[in-house]
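Dear colleague,

Please find the structure below, handed over for your records. My notes on it follow directly after.

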Amino acid sequence: MLGNTHYNLGKISLELGNFKVSSSERRYFYSGLVYADVGRFVLDRKAKIHSDSKAFIRKMFQFAYTEEEKWFCIGAYLHEFQDRKITKFLRNIFKTPTCGYLKYLKRCGILEYYFLNKKREYIYSDDLIKNFKISSVLTFTDILESNEILKKIVQALEKEVVHIVGNFYYDKKKIYIDLPENLFIKTYECYGFDVASNTLKEQAANLVSASALLCHFISNKKFDVNKFAGNIEKEVLKLCKNCIKFIKKKMYFNL
């Protein structure tokens with residue numbers, strides 16, 4: 001499941017559950033839903049821990065001192081909960097099992113595109129365009145540094161992606177999310193891994209860009225997203241009712 005779907009499921013759950021939270025707490029909750037995946041491309045492999053795992057989030061919560069930071073962690077916890085439900089969620093929507101990673105990405109992209117068309121809004125950060133780096137998700141960075149041709153190809157691709165993402169957001173309402181770098185830096189330190197602020201910003205930008213690019217791909221392929229609308233609405237409501245129960249447990253009993 002990608003960032004904008006996580007955000008929408010969390011937003012619907014917060015509204016249906018009638019939770020009384022401030023605007024800043026709400027924003028951090030949405031941020032946690034998205035940025036729980038910040039380690040997905042590079043950091044998880046280097047630190048040998050998943051940033052969206054229960055163990056990592058539980059450790060991160062120890063460093064959450066403000067109400068906003070606590071709501072960020074609740075959002076991250078809900079992200080992990082949603083991920084555990086994704087197999088059944090997708091199967092019930094598309095009526096067949098999800099076989100293979102490419103089919104999984106396609107189905108996640110359809111969900112991203114569905115929510116985009118329905119809500120006309122998308123997760124966004126001011127750091128997005130400035131910090132996007134394809135090179136920060138590549139495994140052959142040593143070759144990249146020494147190969148001028150490859151470096152130019154990657155730089156050209158980065159410019160193209162920035163152009164696509166910029167156009168993608170042109171007529172959408174931007175839902176601004178925040179990256180509490182300090183929480184991640186301290187938590188990664190617990191696992192013996194030092195992560196720099198600029199690296200976190202790059203990975204956060206890559207994460208949000210990946211959602212936008214997959215959604216862009218689905219829109220260009222002209223998939224008939226609407227034929228799944230009824231199933232999506234039904235399964236979203238069912239999952240969000242479970243999300244409400246989960247949030248209440250995390251708020252009052254289990255952090």
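The buried residues of H1 are Gly3, Asn4, Thr5, His6, Tyr7, Asn8, Leu9, Gly10, Ile12, Ser13 and Leu14, where buried means under 20% relative accessible area, with a 1.4 Å probe and protein chains only. The model is predicted: local features need pLDDT of at least 70, side-chain atom pairs count only at pLDDT 80 or more, and totals for chains, interfaces and linings use all residues. Residues are numbered from 1 along each chain as its sequence is written, and side-chain values use heavy atoms, with hydrogens and water left out.

Because 11 of its 14 residues are buried, H1 is largely enclosed by the rest of the structure. Helix H1 covers residues 3-16 and reaches 20 Å from its first C-alpha to its last, close to the 20 Å expected, that is, 1.5 Å times one less than its number of residues. Helices are DSSP runs of H or I, at least four residues, numbered from the N terminus. After H1 comes asparagine 18, with a positive phi near 60°.

Serine 53 lies in the loop between helix H3 (43-47) and helix H4 (54-61). It counts as buried, at 18% relative accessibility, and its side chain reaches the backbone oxygen of histidine 50 at 2.7 Å.

With kind regards

Note on methods
Helix = DSSP H or I, 4+ residues; strand = E, 2+ residues; numbered from the N terminus. Buried < 20%, exposed > 50% of the residue type's maximum accessible area, 1.4 Å probe, protein only. Polar contact = N/O pair within 3.5 Å; in protein donor to acceptor, adjacent residues only side chain to side chain.
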